[in-house]
Amino acid sequence: MLVAQSAYLFDTTIENNFGEFGGYLDLELQDREEIRKYLHICCVMLPLEADCSVASGGERQRIFMAVNLALASKMSTKILMLDEPTSALDVGTADTLIENIKSYCKLNGMTLIVVSHDGAIADKYADVVLGLHSL
């Protein structure tokens with residue numbers, strides 16, 4: 001599963017976004033405790049009733065990742081690819097987010113691929129780094 005850098009969320013609550021995305025794939029993502037688990041992994045400390053249309057860019061990015069992580073889990077996805085997952089985050093939140101997602105993937109037998117320009121995150125968390133350089 002690829003989680004793009006741009007967050008595509010419906011202008012409704014966090015909880016409703018989980019339901020909307022799950023509905024498109026005929027997956028049930030309505031269990032509130034399960035939703036809170038994925039929000040916690042992705043460092044979202046907002047209530048489920050929070051309106052996504054007024055969330056900051058970093059909050060939207062993390063909510064979108066939480067939704068996609070929940071979907072990946074329901075679909076038994078083996079590879080999760082994140083495109084610039086820390087681009088709208090401060091250093092502390094970025095660090096915690098990558099640590100949480102890497103731990104989650106490891107515990108669940110998922111391969112995590114992160115596309116990033118953040119060398120510090122790569123140096124700290126990557127098991128393997130592939131660099132792309134232009135000639």
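Tutor: Start with a term: a pocket is an open set of grid points with protein on both sides within 12 Å along at least five of seven lines, and its lining residues have an atom within 4 Å of a point. Keep in mind that the model above is predicted.

Student: How many residues line the largest pocket, and which of them lie nearest its centre?

Tutor: The lining counts 26 residues. Nearest the centre are I113, V114, A126, V128 and V129. The space in this pocket comes to about 880 Å³.

Student: Which elements each supply at least two residues of that lining?

Tutor: They are helix α4 (91-107), strand β3 (111-115) and helix α5 (119-125). Sorted by class, the lining holds 15 nonpolar, six polar and five charged residues.

Student: A cavity is another matter, I take it. How many cavities of 30 Å³ or more does a search of the whole structure find?

Tutor: In a cavity the probe fits but cannot get out, whereas a pocket is open. The search of the whole structure finds one cavity of 30 Å³ or more. The largest cavity has a volume of about 40 Å³.

Student: Which residues line the largest cavity?

Tutor: V3, A4 and Q5 are in the lining, as are Q61, F64 and M65, and also L82, D83, E84 and P85. Helix α3 gives the most, with three residues. By class, six of the lining residues are nonpolar, two polar and two charged.

Student: Let me step back to the whole chain. How many helices and strands does the protein have, and what pattern do they follow along the sequence?

Tutor: The count is five helices and three strands. Read along the sequence, the pattern is β-α-α-α-β-α-β-α.

Student: What does the radius of gyration say about the protein?

Tutor: You set the value against what a compact globule of that length would have. For 135 residues that would be near 14 Å, and the protein has 15 Å, which agrees. The C-alpha atoms fill a box of roughly 45 × 30 × 25 Å along the principal axes.

Student: What share of the residues count as buried?

Tutor: Of the 135 residues, 39% count as buried. The cut-off to remember is a relative accessible area under 20% for buried and over 50% for exposed, with partly exposed in between.

Student: Let me try a single residue. Is N68 buried or exposed?

Tutor: N68 counts as buried because its relative accessibility is 9%, and the limit for buried is 20%. N68 lies in helix α3 (residues 57-74). Leaving out residues up to four places away in sequence, N68 touches M1 and V3.

Student: What share of the protein's contacts with a separation of 6 or more come from residues 24 or more positions apart?

Tutor: Such residues account for 72% of those contacts.

Student: Now the charged side chains. How many salt bridges does the structure hold?

Tutor: The structure holds six salt bridges. To read one, look at the distance between a side-chain nitrogen and a carboxyl oxygen, which has to be within 4 Å.

Student: Where do R36 and E33 sit relative to each other?

Tutor: R36 and E33 are separated by about one helical turn, because they are three residues apart in helix α2. Their side chains meet in a salt bridge of 2.8 Å, N to O. R36 is partly exposed, with a relative accessible area of 36%, while E33 counts as exposed at 55%.

Student: Which residue forms a salt bridge with K74?

Tutor: The partner is E34, and the closest N and O atoms are 3.7 Å apart. K74 lies in helix α3 and E34 in helix α2, so the pair ties together parts that are 40 residues apart in sequence. K74 is partly exposed, with a relative accessible area of 37%.

Terms used: Residues numbered from 1 in each chain as written. Predicted model: local features only at pLDDT ≥ 70, side-chain atom pairs only at ≥ 80, totals over all residues. Heavy atoms only, no water. Helix = DSSP H or I, 4+ residues; strand = E, 2+ residues; numbered from the N terminus. Buried < 20%, exposed > 50% of the residue type's maximum accessible area, 1.4 Å probe, protein only. Contact = heavy atoms within 4.5 Å. 1 Å grid on protein atoms, 1.4 Å probe; cavity = no way out; pocket = protein on both sides within 12 Å on 5 of 7 lines; lining within 4 Å. Points joined across faces, edges and corners; volume = space filled by probe spheres on them. Nonpolar A, V, L, I, M, F, W, Y, C, P; charged D, E, K, R; others polar. Rg over C-alpha atoms; globule rule 2.2 N^0.38 Å.
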